[in-house]
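Let's walk through this one in question-and-answer form. Have a look at the sequence and the fold before we start.

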Amino acid sequence: MFQGYQTVEDMINKFNPKSETVETATFGMGCFWGPEAMFGSLHGVLRTRVGFAGGTSLKPTYLHMGDHTETVEIDFDPSVISYEEILRKFWLNHYPNRGNYKGRQYISLLRYHGDRQKEAIDRVKREMEKKLGESIETDIAVFNDFTLAEEKHQKYYLKRYPNTLKQLEDLLPHTEHLVNSTFAARLNGFVKGFGKLSSLKNEIASWNIEEEHRETLLNKLGTIKW
Ligand code: MHO
């Protein structure tokens, strides 16, 4: 493990790009593995995690989800990517009126954090309804809960590369690191086919972190054997 890099807090401070403002977006659009990878590849998205939201049953798990929905939660820097842009990607990447096959597990769901997000939803929804030619049935309400899914579902596509994960062990020793790391979010997107390695290198080179930590990440990226 890197020196002084013992806690998740340490990791965030040292290796995640710093931002003045952080906002959270919570949404469901079918199986949560794919959207975690897609959103994790976007510049301005700082962290991604998957879990359950929108229902009433207590302590949902993957096998006992109750009336909850597979949900992705992202923390993002609104000065780099706006909530409106996130909403457009959300609606352009799933069909929101598919109905509730398998109960509420895979429904289209949005949980807003604050009035500004609610207004953005109203605006972008109207825009998307015009595009779609149908009214959108996404289940929309104020955020009230999110339960993190089991470890194996976090950064699911990156988990398909156990050799790579082994090489990342010093940077990402525990699930909490994997869940909270911007680098892990990008790699998870990359292995699922979102974004190019060269653009990821350029992006990391621009991250607002100390030179030494930037070098560590870029070296890692250059030496990983997939
Ligand atoms: N059809 C997918 C769904 C997984 S997703 C986490 C599978 O079981 O492989 O709902």
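**Around the sheet and its helices**

Leaving aside its neighbours within four places in sequence, Ser57 touches Met65, Gly66, Asp67 and His68, where contact means heavy atoms within 4.5 Å. This is a predicted model, in which local features need pLDDT of at least 70 and side-chain atom pairs count only at pLDDT 80 or more, while totals for chains, interfaces and linings use all residues. Residues are numbered from 1 along each chain as its sequence is written, and side-chain values use heavy atoms, with hydrogens and water left out.

Q: What separates the C-alpha atoms of Ser57 and His68?
A: Ser57 sits in the loop between E2 and E3; helices (H or I, at least four residues) and strands (E, at least two) are DSSP runs, numbered from the N terminus. His68 is among the contacts of Ser57. Along the chain the two are 11 residues apart, and their C-alpha atoms are separated by 7.3 Å.

Q: Is Lys59 buried or exposed?
A: Lys59 is found in the loop between E2 and E3, and has a positive phi of about 45° although it is not a glycine. Buried means under 20% relative accessible area, exposed over 50%, and partly exposed in between (1.4 Å probe, protein chains only). With 74% relative accessibility, Lys59 counts as exposed.

Q: What is the order of the strands in the open sheet?
A: Two strands pair if DSSP finds at least two bridges between them. The pairing here is mixed, and the sheet has six strands. E5 (139–142) and E6 (147–148) have a single partner strand each, so they stand at the edges. The order reads E5-E4-E1-E3-E2-E6.

Q: How many bridges join E2 to E3?
A: E2 also pairs with E6, antiparallel, through two bridges, with Gly51 opposite Leu148 in E6. Towards E3, Arg49 has Glu73 as its bridge partner. E2 and E3 run antiparallel, and the number of bridges joining them is eight.

Q: Which residue in E3 stands opposite Phe27?
A: E1 (residues 23–29) and E3 (residues 69–76) pair in the antiparallel sense over five bridges. In E3, the residue opposite Phe27 is Val72.

Q: Why is H2 largely enclosed by the rest of the structure?
A: H2 lies across E1, E2 (45–53) and E3, running at about 165° to E2; axes are lines fitted to C-alpha atoms, for helices over the stretch in contact, and angles run from 0 to 180 degrees between N-to-C directions. H2 is largely enclosed because the buried share of its eight residues is six.

Q: What relative accessibility does Glu36 have?
A: Glu36 belongs to H2 (residues 33–40). Not counting residues up to four places away in sequence, its contacts include Arg49, Val72 and Lys155. Glu36 counts as buried, because its relative accessibility is 0%.

Q: What is phi of Lys155?
A: Lys155 lies in the loop between E6 and H5 (162–167). Lys155 is buried, with a relative accessible area of 0%. Although it is a residue other than glycine, its phi is positive, near 50°.

Q: Which residue does UniProt list for "active site"?
A: The residue lies in the loop between E1 and H2. UniProt positions are given in the numbering used here, feature names are shortened, and annotations may be inferred rather than shown by experiment. In this unreviewed entry, the listed residue is Cys31.

Q: How do H8 and H9 run relative to each other?
A: The axes of H8 (residues 197–205) and H9 (residues 211–223) come within 10 Å and cross at roughly 170°. Angles under 35 degrees count as roughly parallel, over 145 as roughly antiparallel, 65 to 115 as roughly perpendicular and the rest as oblique. H8 is therefore, relative to H9, roughly antiparallel.
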